[in-house]
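Here is a short walk through one model, taken a piece at a time. Have the sequence and the 3D view open as you read.

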Amino acid sequence: MDAILLQVLNGLDKGGAYALIALGLTLVFGTLGVVNFAHGALFMMGAFVAVSVQNLLTISMKVRDTSITFFEAYKETPYLEVWFGDVGTTIIDYSVPISILIAIPIMLLIGLAMERGLIRHFYKRDHADQILVTFGLAIVLQEIIKANFGANPIPQSAPDIVAGSAAVGALIGAEGIVYPWWRLIYLAFSLVVIGGVFAFLQFTTFGMVVRAGMYDRTMVGLLGINIERRFTIVFGLAAVVAGLAGVMYTPILPPDYHMGMDFLVLSFVVVVVGGMGSLGGAVAAGFLLGILQSFFSMNEVKEILPGIDQIIIYLVAVAILLIRPRGLMGKD
Amino acid sequence: MSTDNEKFGTLSRRGFMKASAATAAAVAAPTILTSTAHAYVNEPKGGTVTLGFNVPQTGAYADEGADELRAYKLAVKHLNGEGDGGMLNTMTNCVLKGNGVNGKKVAYVTGDTQTKSDAARASAKRMIEKDGAVMITGGSSSGVAIAVQGLCQEAGVIFMAGLTHSNDTTGKDRKKNGFRHFFNTEMSGAALAPILKKEFGTDRTAYHLTADYSWGWSQEGSIKKYTESMGWKTAAAVRTPLGAGDFSQYITPVLNSGADVLVLNHYGKDMVNSLTQAVQFGLRDKQVNGKDFQIVVPLFSRLMAQGAGENIKGIYGSTNWNWSLTDEGSKAFVKSFGAEYGFPPSQAAHTCYVQTLLYANACQMAGTFNPCGVIDALEGFKFDGMGNGPTEYRAADHQCFKDVLVVKGNENPSSQFDLLKIVEVTPRAQVEYAPDMADVAGELGACNPGA
C-alpha cells in the first residue's frame with residue numbers, strides 16, 4: 001500500500017514536470033502553428049540561468065593550496081560569505097529561488113528574440129522546414145552552453161530548509177512514507193504555473209484574443225487586431241514557462257547541456273498523446289504518462305514484464321495514435 | 001552452364017578491378033611499386049607512425065574524452081622527446097629513448113566515438129583505412145570498447161582500451177589484438193568487499209540499481225558475488241535505462257524494501273543523477289533494521305564526482321588511479337600534465353597515457369609495429385613506475401593486474417580537485433582471479449596482422 005502511494009506521488013511529480021514542458025510546446029503549436037524543436041533547449045537555458053546565478057553568487061576568494069605544486073589548486077570561499085557571514089551563506093543557499101525571479105525577464109527576452117529573429121520567418125513554411133530550423137537552433141544553443149559550461153553536470157542545491165524529505169505519510173497515518181520537499185514544491189509550482197497560464201488565457205482580454213486567434217487567425221486579423229504581436233508575446237510566455245521549469249528542475253537533476261534534448265522527445269510524446277495544440281490535453285497527458293511510468297517501474301510489474309518501464313510511454317503513444325489519432329483532447 | 005557464366009562474370013569483374021587498382025596505384029604512387037609487400041596492415045613506410053585516438057568528443061562523456069585526448073597528446077610529446085618525458089623517466093623495463101618509436105616519429109589522428117558503438121566503429125574504421133593508423137586506443141564505455149576491439153581484431157590492428165570497466169572486455173569478449181590497462185568490476189568487487197565489511201558489517205541487505213548494459217550487468221554481478229559471500233543479502237537488483245535522467249520511480253521502491261544499503265551501478269551522468277536523487281529521498285538520513293542506511297558507488301570518477309557536489313561526500317567506491325597518489329610515476333605524470341594544462345589528470349587520462357606508452361614500448365621491444373610482434377612483447381610484460389605499483393599484462397586474457405584503490409568522497413577537501421580520499425590500496429594478490437573463472441572465461445583467438 002505504501003509502495004502504491006509513493007508511486008502515485010512520484011507519478012504526479014513526474015507528470016507535473018512533463019505537463020509543464022509540454023504546455024509551452026503545445027501553446028506555441030496552437031498559436032503559431034510552429035513545431036518548436038528548440039523548446040527543450042529553452043528548458044535547458046532556464047536551468048543554466050540558475051547555474052549562472054549560482055556562479056555569480058559564489059564568486060570566491062581563492063586561497064592557494066600550497067601543498068600542490070604541479071598546478072594551481074584552490075580552496076574557495078565565496079566573497080558573499082567572507083563579507084556578510086551567515087547572511088551571505090543564506091543568500092547562496094537561496095540561489096535557485098533567486099534564479100526564478102531573474103529567469104523570468106531573461107527567458108522572456110530570449111523567447112522574443114528567438115521568435116522575432118528566426119521563427120517568424122518560418123510561419124508560412126512546411127512543418128518539416130520548421131522542425132529542421134528549430135532543431136538546428138537547439139543544437140547551436142546546446143553547443144554554446146557546452147563551450148561555456150562543459151559537458152559534465154553541474155550540481156545545484158535546493159535551500160537547506162527544503163533539501164530533505166517530508167513525512168507526508170504522517171498525514172494519512174502511514175508513517176513510513178517520506179517524499180523530498182523539493183519534489184513536492186515542484187509539483188505545487190507546476191500546478192500554479194499551469195493554473196496561471198490557463199487563467200491568463202481564460203480570464204483576460206489578451207487571452208481571449210489569443211484563443212480567438214488560435215481558432216481563426218484570419219478572422220481575428222480582419223477585425224483589426226494585431227494577432228501577430230500577441231502571438232509573439234505568447235511565444236515569450238512559452239519560453240518563460242519552459243525556462244522556469246528548467247530552473248526549478250536543477251536541484252532534482254544537475255543540469256548539463258543535453259538535458260533539454262532528453263526532455264524534448266518525452267514532451268513531444270506528451271503533446272501527441274494529449275492532442276496537438278490542446279492545452280488541457282497536454283496537461284492531462286503529462287500527468288497520465290507520469291503516473292503510468294511510475295507504476296510500470298514497480299518491481300512487481302517488471303518481474304512479469306521486464307523492461308516495460310522503458311517502453312510504456314511509447315506503447316501508450318502508439319495505442320492512442322492507432323485508436324484516437326487526434327489525441328486525448330485534440331480537435332479534428 | 002549458368003554456373004560457368006557466373007564464375008566467368010565474377011572472375012572478369014574481379015580481374016577488371018584488380019587491373020584498375022594496379023593502374024591507379026601505379027599512376028598515383030610510383031614508389032609503391034618499388035617497396036616490398038606489406039607484412040601487416042598499415043605498416044609505416046615513411047618517417048612517422050600513426051596512432052588513432054578514438055575518444056568521445058561530443059555527447060555526455062565529452063569532458064572525459066577531452067581529458068583522454070590531452071593525455072594522448074602529452075604521451076605523443078614524450079615519445080617524440082618533447083617536454084619533460086613524464087613517466088618515461090619512471091617506467092621500469094622501458095626501452096624507449098624519447099626519440100620516437102622504432103626510429104619513427106609518432107603522429108596521431110583522432111576520432112569521435114560519441115559514446116555510441118556504431119559511431120565509434122565508424123571512426124575507428126576511418127582511422128585504420130583512410131589515415132593508416134596502426135593502433136587504435138581510447139573510449140569511455142565498455143559497450144564502445146567491446147565493439148571497437150572486435151573491429152580492430154578483424155582489421156588486424158592493435159586496440160589499447162581506454163576507460164572500460166566491464167569484465168567482458170577482457171573476459172568473454174577478449175581478443176588477441178586487444179589490451180586493457182584499466183581495472184574491471186571483478187577487481188572492484190574484490191577490493192571493495194573487505195572495506196564494506198569493515199565499515200558496515202556482515203548483516204546487511206543491499207538493493208542494486210543497475211545501468212542496463214554490459215558494464216552495469218558486469219558490475220552488479222561482481223558486487224553481488226562478493227557481498228553475498230560475506231553474508232549480505234540482496235533485496236533486489238533493478239535495471240534502469242541508460243540516461244534515465246529522473247530515477248525517482250526506481251528509488252521510491254528502495255524506501256520500503258527492507259534494504260539498508262543502496263548500490264548504484266551507474267557511471268557518469270547516471271551516477272550523478274541517481275545519487276543526487278537518492279540523497280534527496282532521505283536515504284542517507286534513514287535508519288533501517290536499526291542501522292544507518294548507506295549508499296555505495298562501486299566505480300568512481302573524479303570528473304563526474306564534481307557533478308554530484310556535496311552528495312558524494314563519505315561515499316565508498318573504487319577507482320583505477322587518482323592524481324593525489326605520491327609514487328614517483330604518478331608524481332611525474334601529474335607534474336607533466338599539470339604543467340601542460342593547469343589542472344590534474346583524471347583516471348581516464350592516466351589509463352590512456354599509460355596505454356600509449358606501453359604500446360610504444362612493446363613496439364620498440366619487438367622492433368616492429370607488426371601486431372603479432374607487439375602482442376608477443378606485451379603478453380606477460382611486467383612493469384612498474386606508472387602509478388599503480390608492480391603491474392603485469394597477463395598473457396591469458398590481456399588484462400593488467402595491479403593494485404586497486406578503494407576511495408571515499410572526501411568530506412573535507414583542501415581544493416576543488418581534492419574530491420576523493422584514498423581509503424586503501426588493495427594489493428594485486430587480493431584482486432587477482434583465474435583467467436578461466438566462470439563469468440570471465442573467453443577465447444583470445446589468434447593474432448591478426450591484417451595482411
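β13(B) and strand β14 (residues 391-393) of chain B run antiparallel and are joined by 2 bridges. Across that pairing, K382(B) faces E392(B) of β14(B). Strands here are DSSP runs of E, at least two residues long, helices are runs of H or I of at least four, and both are numbered from the N terminus; two strands pair if DSSP finds at least two bridges between them.

The open sheet has 3 strands, ordered β13-β14-β15 in chain B, with antiparallel pairing. β13 (382-383) and β15 (400-401) of chain B are at the edges with a single partner strand each, so one side of each has no neighbour in the sheet.

## What you are looking at

This is a predicted model, in which local features need pLDDT of at least 70 and side-chain atom pairs count only at pLDDT 80 or more, while totals for chains, interfaces and linings use all residues. Residues are numbered from 1 along each chain as its sequence is written, and chains are lettered from A and ligands numbered from 1 in the order in which they are written.

## Helix α5 of chain B

Helix α5 (residues 142-155) of chain B has 14 residues and spans 20 Å from first C-alpha to last, close to the 20 Å expected at 1.5 Å a residue (1.5 Å times one less than the number of residues). Just past α5(B), G156(B) takes a positive phi of about 85°.

The helix is mostly covered, with 12 of its 14 residues buried (20 or more other C-beta atoms within 10 Å of a residue's own, with C-beta atoms placed from the backbone). Those buried residues pack against β1 (48-55), α4 (117-129), β3 (135-138), β4 (158-161), β5 (178-180) and α7 (214-229) of chain B. Take V148(B): beyond its neighbours within four places in sequence, its contacts include N54(B), A120(B), I136(B) and F159(B) (contact: backbone-placed C-beta atoms within 7 Å).

## The nonpolar cores

V148(B) also turns up among the residues with the most contacts inside the largest nonpolar core, which has 132 residues (a core is a set of buried Ala, Val, Leu, Ile, Met, Phe, Trp, Tyr and Cys residues joined through C-beta atoms within 7 Å). Helix α12 (residues 347-366) of chain B gives the largest share, 11 residues. A second, separate core of 89 residues includes I21(A), L27(A), L141(A) and L264(A).

## Where the chains meet

Chain B puts 43 residues in contact with 41 residues of chain A. Elements giving two or more residues to chain B's side include α3 (62-79), β7 (233-240) and α11 (328-341) of chain B.

Key
Two residues are in contact if their C-beta atoms, placed from the backbone, lie within 7 Å.
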